[in-house]
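Open the model in your viewer and keep the selection panel at hand. The tour below goes stop by stop.

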Amino acid sequence: MVSMKEIAKRCNVSVATVSKALNGYTDIGESTRRLVMSTASEAGYLPNSSARALKTKRTFNLGVIFVDQGMSGLTHEYFNHVLDSFKKRAEAQGYDITFACTRIADKQMSYYEHCRYRGVDGVVMACVDFDSAEIRELVQSSLPIVTIDHVFDGHISIVSNNVQGMEALVSYICECGHRRIAYIHGENTSPTKARLAGYYRTLQRYGISAVEAYVQEGSYRNPELAEELTAKLLNMKEPPTCIMYSDDYAAMGGINEIRMRGMKIPEDISVAGYDGIDFVRIMEPRLTTLCQDTDRIGKLAADRLIDLIEHPKTALVDKYMVDGTLFKGGSVKKLRQIHIA
């Protein structure tokens, strides 16, 4: 492995000068800095992470906390894309990723203890129980924190614009002529509350009275429960003409129930999902859904966390909203065209 001493020898400068060039100090000449940087690059120099941490007081390591209720881990169809985008963006800026957990070998520890143990510079959190004592402990610590799809006062949050997304989706369904629109939503979380607000607001805007029996509480990524609730809706005396689901994965359960009854989509019943996972674009018919911008969410989370770490005095602590886009697909039947001014 090439050392700074060898780079100094090749450039005919001191080791101190090499160190200053590699660590971004400005009290050396620009031509010298360029010489050192190009020589280090050509030689394949990699700094020792421990030595760099001692000098910069940073480990260039970001913690990630991600624990969804379905225990799907990195196979989660939505968050795996968010975290992949986050990882690529962080790595491009010289940071490593560590997944924080509450157990190392046989030792139990809190998320905060694990983050301190690994010496992470900051943490991004997604799809966790934000009300848990362990998450609260971490949020109240001095570590830089960025949350995804949840807002804590005094912390940066990256939030998918769920109100905008739901309004776009429900508006499209209304404009296709549907008035009996059911919604099987997820658990009582911040995204669920925002989507419900978007659902009710849009129905009101189109002059449609909400039928509370059409609104059923399900669970995210739970096709079995979605299947049961779909059966309940279809068994009603006046069933809905369109059923919306908490997410695309849950929609698969509803579609199974519909097809087991010998019904066709969208001829006999229309359906819509949420998220825009890859599978919906190749199924038949393609699922009408709201595609969340997972790439932008991940990149923005990485950018804002690194900015908070590197520029704590000037980083803007705010809620950053990311809009989604409607994918019309072919699972919503056009009964008649309805528009509002």
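Select helix 9 (190-205). Helix 9 gives the most to the lining of the largest pocket, four residues. Helices here are DSSP runs of H or I with at least four residues, and strands are runs of E with at least two, numbered from the N terminus. A pocket is an open set of points on a 1 Å grid over the protein atoms alone, where a 1.4 Å probe fits, with protein on both sides within 12 Å along at least five of seven lines; lining residues have an atom within 4 Å of a point.

This is a predicted model: local features need pLDDT of at least 70, side-chain atom pairs count only at pLDDT 80 or more, and totals for chains, interfaces and linings use all residues. Residues are numbered from 1 along each chain as its sequence is written, and side-chain values use heavy atoms, with hydrogens and water left out.

Now show the whole lining: 33 residues. Nearest the pocket centre are Cys 127, Val 128, Glu 187, Thr 189 and Tyr 220. Colour the lining by class and you get eleven nonpolar, eleven polar and eleven charged residues. Nonpolar covers Ala, Val, Leu, Ile, Met, Phe, Trp, Tyr, Cys and Pro; charged covers Asp, Glu, Lys and Arg; the others, Gly among them, are polar.

Stay on Cys 127. Its phi is positive, about 55°, although it is not a glycine. Cys 127 sits in the loop between strand 5 (122-126) and helix 7.

Next, pick Arg 221. Its phi is also positive, about 55°. Arg 221 lies in the loop between strand 9 (215-217) and helix 10. Its relative accessible area is 17%, so it counts as buried (under 20%; exposed is over 50%, partly exposed in between; 1.4 Å probe, protein chains only).

Move to helix 11, residues 248-260. Its buried residues include Ala 250, Met 252 and Ile 255. The buried residues pack against helix 10 (223-234), strand 10 (242-245), strand 11 (270-272) and strand 12 (289-291). Gly 262 follows helix 11, with a positive phi near 80°.

Which peptide bond is cis, with omega near 5°? Select Ile 265 and Pro 266 to see it. Pro 266 is in the loop between helix 11 and strand 11. Another cis bond joins Glu 284 and Pro 285, with omega about -5°. Pro 285 lies in the loop between strand 11 and strand 12.

Last stop: Ala 301, in helix 12 (residues 294-310). Ala 301 is buried, at 0% relative accessible area.

Conventions: Expected span 1.5 Å × (residues − 1). Contact = heavy atoms within 4.5 Å.
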